[in-house]
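Hello,

I am passing a structure over to you, and I hope you enjoy looking through it. Please open it first, and then read on for what turned up.

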Amino acid sequence: MRRAGREKGAISLEQVGLVILAGVLCAAVVAALTQSTPLGPTLSRAVCSITGGDCDSPTGDGTGSASTTAGTCTVGNGRTVASTTASAVTTLSDGRTVRVDELSDGSARVSPTSLDPGSEVSEVGLGNGMTVRMGDEQSGSVAVEVPGLAEGAGSTEYVVTDADQLRAVASGLETEQVKDELVGRDNPVRSAADGTRIGDQLPEAEATYTPGGFSVSAREEALGEGSGLATTALGIRTQDNGTQTFYIGSRVDGAEDLELLGVSPDRAADASDPLDLVTAVTFDPQGTMVDVTSTAATDTADSRTAEAIFGHSASGGAGPRVHSARLATESEGQSAAAADFLAAQGVGSLGSWTNPSDASPGGPEPTGFFDEARDSGSLTTLDYDAAPETPHVDTDAGQWMTEAGLPVGDRASDATLAGAAYWDGSTMAPWTGCHGGSA
Amino acid sequence: MTWETGASDISGAPSTHRRVPLALPLLTTLGLAVAAGVFSLVGSLTGVAATSLTLGVVLRTLLVALVVVLAIHMLRVRGGRELPRWMPWVVAAVAYPLVPTTWGGDTMFAGGLGLDGPAAIGVDLAVWMCCAALGRVPSSPDPRVSGDPAVDSLLRR
């Protein structure tokens with residue numbers, strides 16, 4: 001009798017607990033199912049105010065900042081392809097920054113970036129997933145980078161054509177970030193969470209970037225450790241159409257390295273300043289190499305190593321210069337030049353492609369990739385004014401960001417294209433189609 | 001299923017090994033692991049739906065804490081005197097690593113504070129066990145009080 005009385009109270013407590021639990025669960029389910037209503041953010045802010053966290057409104061309050069960069073042109077086999085005409089960097093509500101590159105075909109590319117919107121650093125898109133970074137106070141120089149592979153992490157790139165799509169990408173990126181922090185990335189719980197399709201879904205990605213993924217030690221294996229260029233496998237970009245681009249970073253330091261790249265000894269003789277090359281090798285979905293582009297950036301137009309590799313261009317001023325050599329591998333000669341160039345950088349294979357070039361000492365004289373690019377590909381130089389601070393330019397990308405509720409700063413770091421030149425078959429000629437803004 | 005125990009009988013009868021039913025603790029362990037996993041995920045997904053890390057972490061912590069407190073409390077009540085006093089601790093300690101979200105340190109709030117791996121798992125375990133302790137607190141005064149300290153100490157054993 002006494003026992004029954006004691007348990008009666010306990011059961012009541014259980015029932016109360018179950019009612020509370022059911023209520024909280026119902027609230028959670030309602031919140032999850034009504035994600036478009038303000039319940040989620042309202043709850044979030046209420047909880048935040050209780051816990052004393054940062055209770056700022058999410059995306060759309062205009063508290064962030066942004067930077068913009070004027071753009072550049074990109075050529076492929078003598079034609080101008082979709083190129084960056086302006087860029088802007090914005091801060092998502094979770095604190096991450098994304099670049100919005102306005103392209104010449106009217107679309108915009110959205111990709112994560114490590115660039116601080118408030119800094120004086122400018123990034124300008126070069127096409128093919130690469131950018132040139134200028135005005136970096138830490139490094140004090142310009143550098144060609146693959147932002148999708150920055151800091152050794154993979155990332156994803158999206159293409160949008162209006163403000164609604166940009167908003168969807170921004171919301172999806174924010175949701176993914178929250179999901180990463182709440183349930184991790186690669187585990188069964190994340191798979192279950194992804195399976196529910198709760199939260200804003202990211203649209204289909206244009207491209208994904210994976211760090212590393214291949215080896216660049218073939219040259220050292222053939223010649224011994226320490227021989228050849230200092231080369232790094234930066235990573236791989238996989239596009240939604242199956243095209244893959246492998247990025248290779250190499251430091252050219254001295255005449256010996258230049259000769260390895262097929263530069264004639266007389267041109268290599270006086271070049272002693274080190275130069276960092278970023279080479280992008282693109283394969284079609286069938287695994288056939290279709291394009292090799294090698295790019296380098298220098299603080300000024302005065303670099304002997306760059307001049308030895310890419311040739312001389314009289315245009316430009318005292319600002320940063322970007323050199324680029326591009327070769328479509330359509331003929332045997334072009335393929336051989338590309339293979340020799342990659343072998344010189346220690347690339348024995350890229351995915352299913354195996355380098356046929358003989359990289360051993362005493363092998364055949366390497367075909368000059370840059371000479372071949374000059375003859376049957378394209379060779380360009382782009383000159384920039386060094387990062388002046390200018391008001392935010394009123395670009396389509398900027399307008400989309402405003403319409404999408406993303407913060408856009410009113411002042412920004414800006415890089416202006418001061419000159420452009422291309423190899424016209426006999427000399428580096430002014431590239432008016434690019435610099436004139438009609439690209 | 002039973003468990004041999006040497007707990008003394010306060011009736012004063014000769015000391016004998018008594019059998020403790022294991023079915024209830026086992027069921028509670030499994031139920032707690034499943035429920036905590038589900039509620040942790042529900043809390044996290046609510047945060048995802050609202051694009052709010054804070055909401056997800058706070059909600060899943062509350063839900064999981066509630067589940068732990070209730071499960072241990074129900075175990076204690078339903079187990080009655082037959083249940084050894086250490087059994088709720090064992091149930092809580094065994095259930096914790098069975099929760100899938102524990103493996104990534106994402107069961108309660110430690111993962112949301114930026115802690116990773118063992119640190120997050122350890123901090124969440126400490127909170128988990130605190131919740132278990134809360135569940136062991138009687139919901140009503142223990143009537144087994146004689147007023148004699150010596151007898152009461154035996155009753156509390």
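Predicted model: local features only at pLDDT ≥ 70, side-chain atom pairs only at ≥ 80, totals over all residues.

Chain A holds 12 helices and 23 strands. Of the 439 residues in chain A, 48% are buried. Among its contacts with a separation of 6 or more, 62% are between residues 24 or more positions apart. The chain exposes about 19100 Å², and carbon and sulfur atoms supply 50% of that area.

Chain B has 157 residues, of which 42% are buried. Its secondary structure comes to five helices and two strands, and from the N terminus on the order is β-β-α-α-α-α-α. For chain B, 59% of the contacts between residues at least 6 apart in sequence join residues at least 24 apart.

The largest nonpolar core has 40 residues, and A:L277, A:I309, A:F310 and A:L350 touch the most other members. Helix α9 of chain A gives this core its largest share, six residues. There is also a second, separate core of 26 residues, which includes B:A36, B:F39, B:W128 and B:A132.

Leaving aside residues up to four places away in sequence, A:I309 touches A:V252, A:L258, A:L261, A:V263, A:R267, A:L275, A:F370 and A:R374.

Next, the charged pairs. Side chains of opposite charge can pair when their charged atoms come close. Over all chains, the whole structure has 13 salt bridges. In one of them, the side chains of A:R237 and A:E157 meet at 2.7 Å, N to O. A:R237 belongs to strand β12 (residues 230–239) of chain A and A:E157 to strand β10 (residues 155–160) of chain A, so this pair ties together parts that are 80 residues apart in sequence. Are these two partners buried or exposed? A:R237 counts as buried because its relative accessibility is 7%, under the 20% cut-off, and A:E157 is buried as well, at 3%.

Another salt bridge joins the side chains of A:D371 and A:R374, at 2.8 Å, N to O. Both residues lie in helix α10 (residues 369–376) of chain A, three residues apart, which is about one turn of the helix. A:D371 is partly exposed, with a relative accessible area of 29%, whereas A:R374 counts as buried at 14%. Elsewhere, salt bridges that share partners join A:E176, A:K179, A:D180, A:R185, A:R190 and A:D194 into one network. Within that group, the side chains of A:R185 and A:D180 meet at 3.2 Å, N to O. A:R185 counts as exposed, at 59% relative accessibility.

Finally, have a look at the surface of chain B. Which residues form a nonpolar patch there? They are B:L30, B:W86, B:W89, B:V90, B:V94 and B:L98, with about 510 Å² of accessible area together. Helix α3 of chain B, residues 87–98, gives the most to the patch, with four residues. B:V90 sits in this helix and is partly exposed at 35% relative accessibility. B:V90 is 65 residues from B:P25 in sequence, while their C-alpha atoms are 8.8 Å apart in space. B:L30, another patch member, is placed in helix α1 (residues 23–49) of chain B and is partly exposed, with a relative accessible area of 48%.

The C-alpha atoms of B:A133 and B:W89 are separated by 7.9 Å, and the two residues are 44 apart along the chain. B:A133 is partly exposed, with a relative accessible area of 28%.

Best wishes

Notes
Residues numbered from 1 in each chain as written. Chains lettered and ligands numbered in written order. Heavy atoms only, no water. Patch = residues over 30% accessible without salt bridge, like charges linked within 9 Å, V, L, I, M, F, W, Y side chains within 5 Å. Areas by Shrake-Rupley, 256 points an atom, 1.4 Å probe, with all protein chains shown as cover. Salt bridge = Lys/Arg side-chain N within 4 Å of Asp/Glu carboxyl O. Buried < 20%, exposed > 50% of the residue type's maximum accessible area, 1.4 Å probe, protein only. Core = buried A, V, L, I, M, F, W, Y, C linked by side-chain atoms within 4.5 Å. Contact = heavy atoms within 4.5 Å.
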